[in-house]
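Welcome! Here are a few exercises to work through with the structure open beside you. Try each task before you read its solution.

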Amino acid sequence: MKLLSSYFKEMKIAARGFYFYIEIFFAVILLVILLVAVNEKSVSKQKEFLYYDMPEAFKEFVIQRQIDKGALKLIEPTEFKMKAIGFEVKNEETGEVETYNFDAEIISLRTYQEYDLDTGELNKTAYIADNEEDMIRLAYQEQKIGATVAVNDQGERSFRYYNQGYETDKFVNLLYILHNKTPDVLAAAVESQEVTKLGDIQTLNNRENLVPVMVVFMGSLMGFFIVMAYIYLDKDEGVIRAFAVTPSSIWKYLLTKTMVIMTTVVVSSSIITIPVMGLQPNYFLFYLLLIISTFAFASLGLFISSFFDTISKAFGALYIIMIAMMIPAFSYYIPSFDPVWLRFFPTYPLLQSMKEIIMINTDLGYVLTYSAVFLGGGVLLFVLANFRFKKTLTV
Amino acid sequence: MISVKNLSHSYSHDDKLAVNNISFEIEKGETFGFLGPSGAGKSTTQGILTGLLKQQEGEVIVAGYNVKKVQNERFNKIGVSFEQSNVYSKLTAKENLDYYAKLFDVPTRDSMELLHLVGLDGKENDRAGEFSKGMKHRLTFARSMLNNPELWFLDEPTTGLDPAIAATIKDIIREQAAKGTTSFLTTHNMYIADELCDRVAFIIDGEIKLIDTPKNLKLQYGRKLIDIEYIENGKVVKETLKTVTEEDRRRIGEIVNNHDIQTMHSKEATLEEIFIQVTGRELV
Ligand SMILES: Nc1ncnc2c1ncn2[C@@H]1O[C@H](COP(=O)(O)OP(=O)(O)OP(=O)(O)O)[C@@H](O)[C@H]1O
Ligand SMILES: [Mg+2]
């Protein structure tokens, strides 16, 4: 009862302040950007360096067949300015290490655009190198995938990939699938088990792909920040002290703050998610994780604010935490950047979970596991914040 | 109602004491004045008694509860009026009171009645953020009465208010005292203490110098003075004499018996003069 009346009072105050509207306004802006400025269709910026390790005539035959089907289109050759460079390449299977050294030069490569045969979409740009060394060197310098395409005795095509060394397995598997999608690729060449496992992989279009990042940004970061803003507004007005001399407990006060944040976040995230995703996401899971994670980050905000008298003193901690929470967004957009340490940042699993939720084939286990982790962490932080607040009320 | 034994407090947790080994008892129904200059430790003591500050040394029992233990229900019996007003500026005067009332488990007073009492009627639907300092202070004061407190903490209840409003506040405090409310009143205004308090404590540098009723203090320390003007040899002579010393009293008798008295006024030493006399310090 006290909790509910406190909640309504806090909502009333929030509705009369500007933080609430900032968040809503922000959500609307993001939605407009998503709908107007982000093209749903993915304009592929993927590049691929290929070397065909086969007789010239056979190579031309293979390429010509693709062109006839509409899968490849020859465009203007591309010039690459190559730097003088030296590096090592390690074969993952044999462990052999080979050293390469190159001089600076300019290489011109035959360039093709690859199209998706089903949709007719541009998939990526492929550059055909004349020798394997050039291909390896280009892949290294441009930080892109390189591959040697060969034909075995049975006439089956096989690929040997040159990766940067930090890609995830999932990413490497995705490479196989991209090739597998071209119908004339012989299935035997890519018969690895991962392929069948990931065979029904579903991807999000550009616009949809932005939704998890925006939701996590609005929920966690804004929740964390705004709860602190609210606490410092109250500290400024001294109303926490007035609250402390009533029979009501501090935890109720703190909980109503997180409830206000959760309400705001539910509203702002819905503004973004519903128009973009429609009915596709599992909204029960979506709101469950949204509310739990917002609670966790708001509790973190409460905990941090219990250490500082004023928001300016808290600013350093606030800044560092906000930046740290944003780093996993890089990994989200750059699949090849996925170091292990990044997984310990709470927004990393949160982004992945949100992505899982808005996709059709949600990995329920992953989402529920992390929902439980966030709930546990949130409760722990909340208890700590409550404990700290009880100790730090001053006259 | 309040029992304090050997209470000490240091904000820096060292030997720099804001409150130094103080002890006192407050009876039920008493209005107890805590007097001292700025920085004496008044608000610190009140902070400990109301549980806002963690108690460090000594033993404090307030309204039957040991303040060391966290028992929030004790606040059903307690009202606190803060030195610095602290109300929600985004809420109206009435909303501030109505919301606060909901936090108690006991019957509360009508918010409109309280607003009327402190002269804020007509302002009930204005946001507290638009209030003047004095109005906010009155709202904070009114809020402290919501739960009909048995024990009432008043930190500088009239400071910064204009005389007419201060008089209203004083009347309210007197009225509550008549109803049996126990009050712990903190002030550096001796007149307020004199007018309202049954007993006063003089506190300075965190130490209590003495505790007594204003009347006793005046009897004990107040040199009751008499100004006499009389005619001697055709001229008006003026003398100021103390009523407490034997010598002066004989002299008064002498003058009255032998001279023509023009005027004769007695005047009382103020509590402020007594404070200076006892502590050697001014009340700033
Ligand atoms: N939050 C605090 N941190 C550190 N020291 C403090 C704090 N609050 C008060 N003090 C110190 O404690 C001593 C007592 O202060 P207190 O506020 O209790 O005085 P006061 O008698 O209420 O004065 P005033 O009449 O100005 O309100 C002062 O020396 C003050 O500087
Ligand atoms: Mg004070």
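Two strands count as paired if DSSP finds at least two bridges between them. Keep in mind that this is a predicted model.

**Exercise 1.** Find which strands of chain B pair with strand E11(B), and in which sense.

*Solution.* Start with strand E12 (residues 235–242) of chain B: E11 (residues 225–232) pairs with this strand in the antiparallel sense over eight bridges. As an example, look for Glu229(B), which stands opposite Lys238(B) in E12(B). Next, turn to strand E13 (residues 260–267) of chain B, which runs antiparallel to E11(B) and is joined to it by seven bridges. Here Ile226(B) has Ser266(B) of E13(B) as its bridge partner.

**Exercise 2.** Describe the turn between E11(B) and E12(B), and decide whether Asn233(B) is buried or exposed.

*Solution.* First, the two strands form a hairpin with two residues between them. Most residues other than glycine have a negative phi. Finally, exposed means over 50% relative accessible area, so Asn233(B), at 77%, counts as exposed.

**Exercise 3.** Locate Thr159(B) and find which side chain it contacts.

*Solution.* Begin in the loop between strand E7 (151–155) and helix H5 (163–178) of chain B, where Thr159(B) lies. From there, follow its side chain to that of Glu156(B), which it meets in a polar contact of 2.8 Å. To finish, note that Thr159(B) is partly exposed, at 39% relative accessibility.

Note on methods: Residues numbered from 1 in each chain as written. Chains lettered and ligands numbered in written order. Predicted model: local features only at pLDDT ≥ 70, side-chain atom pairs only at ≥ 80, totals over all residues. Heavy atoms only, no water. Helix = DSSP H or I, 4+ residues; strand = E, 2+ residues; numbered from the N terminus. Buried < 20%, exposed > 50% of the residue type's maximum accessible area, 1.4 Å probe, protein only. Polar contact = N/O pair within 3.5 Å; in protein donor to acceptor, adjacent residues only side chain to side chain.
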